[in-house]
Structures are given as C-alpha cells and as structure tokens.
Amino acid sequence: MKILGIESSCDETAASIINGNKNSVEVLSNIVSSQIDIHKKYGGVIPEIAAREHVLDVLPVIKKALFNANIDLKNFSKEIDAVAVSSGPGLVSSLMIGIETAKTLSYIFEVPLISVNHIEGHIYANFINQTKIEFPAIVLTVSGGHTMLVLMRDYNNFETLGETKDDAAGEAFDKAAQLMDIGYPGGPVVSEQAEKVTNKEYVSLPRPMINSGDFSFSFSGLKTALLYKLQKDKNYKKHIPEYCYEFQQSIADVLIKKTIKAAEKFSAKNILLAGGVSANKELRLQFSEASKKLPQTIFYKPELSYTTDNAAMIASAGYFKARDKMYIDWKDIKVNPNLAL
Ligand code: KG4
Ligand code: ZN
C-alpha cells in the first residue's frame, strides 16, 4: 500500500511516499524543505513568513517526492492508495497549505484522504524500517511544541499519561540557546556545545518535577534558573559548554526517570522516543543505558532523519490508519492548531 504523506505544520514543507505492508513501512522518497535559515534571524518561526514559504514549496516538494519514488503524476490514482496530511497541532496558516493541497490531490485523483495528528506522526516515525515493536509501549514525545508521555496499547490507541505544564523540552533548548546567544534552533547547538565540556561540576541546575510522583513535566523554571546563573557569572561566555552540558543533563535526567517509571508501571514491552528532541545524541545514549535496567523492555528510537519534522512519519501514520480504514471526506478535514492526541 503506497501512501503520500504531506507535512506543513511549522517551518518544514515535506512530502514522502512510503510503502506499507503488514507491520512494515519502507520509505520510497522523503523530501524536506526547511525554512530554518529564513527564521534564524528572528530567533523563532514567524507564522506569516512560514505560510508564504509553504505556498512556494509545497508543489515542488510533492513533485520531487513522486519523482524520487518513480511515480509519474499521470499514474497518481493507480499508484497512490491514500494521501495523508498533518491536520494539527501546529500553526494554522502553515497547516492550511498542506491540508488544501492534500484535499485537492485526493479530490482530483479520487484517492482516499487521511487526517494525521502531527504527534501521532512523530510516534509512527518509530515504525519506519522497524517491525519488532510490541505493545503496550511507552512513548516519550519531545518536540519544540510538545513534551508528553504516551501509553500505546495497540496501533492507533494512544493514552496521554502526562505532559508539560509550560514549556516543551525542545522549546527549553531553544530558549536556553537564545539566552546564551549561541544560535537557532537551540537543541542541536546546545548538544554540540555540551560535547566540549571540560568541567562537569562548574554549574548545577535543578531537575524540575523529577520526584513529582506523576507523569507531568515543567521546563520553564529550568530556563529561569539558567538565566539567573548566567546573570551572576561574569565569565559565562567562557563556560558555554559547561552551561550547555548541565542544561541538557537536567532535561535528560527528568525525561529518563519519568519514562522509566511509566514503563515499569505499565509493564511496557517497548520504550519509544519521538519528536525533534529525540535527535539528541546524549538522550538516545542515556535512554539506551537506562532501559537496560528493565529486562522486559526494549528501547527503540527513530532513525535520525525521521526525528525532526518530516513527511515520512506522516505517511507512516497514514498507512496504519489506512489499514483500519480511518479515512476522512475531503469536505470534513479541518485545521486544528490545538489537536489533542
Ligand atoms: O519535532 P520538531 O522538528 O518540531 C516540532 O514538532 O516542534 O522539533 C523541533 C525541536 C526544536 O525545539 C529543536 O531545538 C529540537 O527539536 N531539537 C533538538 C535536537 N534537534 C532538534 N533538541 C535537542 N537535541 C537535538 N539534537
Ligand atoms: Zn514536530
């Protein structure tokens, strides 16, 4: 079953063709046009600019995804079994471009349409080239917009156990980088700087809510704690790696402890990581170590190219929804910027 996935929820315009069969998802093409360089100078995504860029990029990106998968537009109806698109959460004006394009393709070529929750997409990135995932699984979804622990009892069966009360983990990385003026997006630069640490004891930051006894998170206080430390330290510019190391470690400690606890509580067969922050090298490494303490639980993570926003993950989610005939009429699909899981 071939699915065309379309993603435009934030500042990446993406299209991908995947081939799904039984529990396996193979990527035939995966095109991402990133606007990072455009938004960099503002230190964050400007919705109006993002939407205008999506308008310019969406058709060429889809054309390239079809071309790379050896599909001629003339054979669209014959080759593509469904069109899957992110319908939220995200920026309204950005989501709209992907949705209108997906609707048009579905209508003209008479191919079923599938509405995909962007977070579900991140979760289904784990199922690309990976057939061994079993349920129940605990999924830690960590991106620029979300931080949540999810219990997955089966395909298309999600229960949110807890989420952030304020900033998302990725947002915390972005704001920390902004405070230290070291670049955008924050996650990759903080991680890169942290690798250069020489004195791991130089600064200490709190581990917010680590012993709260629930599955909620909070990262805005961590950012404020960092700000106060930086303000007091006249030499902080010379110790960026030390600050980045500690900041990253604080986030990793909290995420890992709560995820392991959830995996124990629900006797999870697998722990999965999802979202842009799951690209973090240390987080991947430390999760892998920590999950060894749970003999019945195997840890999986998406391949790096499927961690940050992409359309292969949307097509993957689309495939598992298509298997269950979870289609939507083109007249009914709606943008939902606050779509819950
Ligand atoms: O999933 P994503 O591409 O977009 C959203 O759905 O939000 O996630 C983007 C977020 C950004 O906040 C970025 O700083 C973070 O993921 N990120 C990372 C890394 N790469 C991207 N955070 C930590 N370490 C990384 N290597
Ligand atoms: Zn995302």
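Which pocket does the space taken by ligand 1 form? In this predicted model, with residues numbered from 1 along each chain as its sequence is written, and chains lettered from A and ligands numbered from 1 in the order in which they are written, that space is the largest pocket. Local features need pLDDT of at least 70, side-chain atom pairs count only at pLDDT 80 or more, totals for chains, interfaces and linings use all residues, and side-chain values use heavy atoms, with hydrogens and water left out. A pocket is an open set of points on a 1 Å grid over the protein atoms alone, where a 1.4 Å probe fits, with protein on both sides within 12 Å along at least five of seven lines.

The shell around ligand 1 holds 20 residues (a heavy atom within 4 Å). His122, Gly144, Asp174, Gly187 and Asp309 come nearest. The shell divides into 5 nonpolar, 12 polar (Gly among them) and 3 charged residues.

For a polar backbone atom of Gly145, the distance is 3.2 Å. The protein covers 87% of the 550 Å² of accessible area (Shrake-Rupley, 1.4 Å probe) that ligand 1 has on its own.

Helices (DSSP runs of H or I, at least four residues) H5 (118-124), H6 (169-180) and H7 (186-194) each supply at least two shell residues. H6 gives the most, with 4. Domain 1 (2-125 + 306-323) and domain 2 (134-302) each contribute at least three; the bounds come from an automatic or database assignment.

Key: Polar contact = N/O pair within 3.5 Å; in protein donor to acceptor, adjacent residues only side chain to side chain. 1 Å grid on protein atoms, 1.4 Å probe; cavity = no way out; pocket = protein on both sides within 12 Å on 5 of 7 lines; lining within 4 Å. Sits in = over half its atoms within 2 Å of the grid points.
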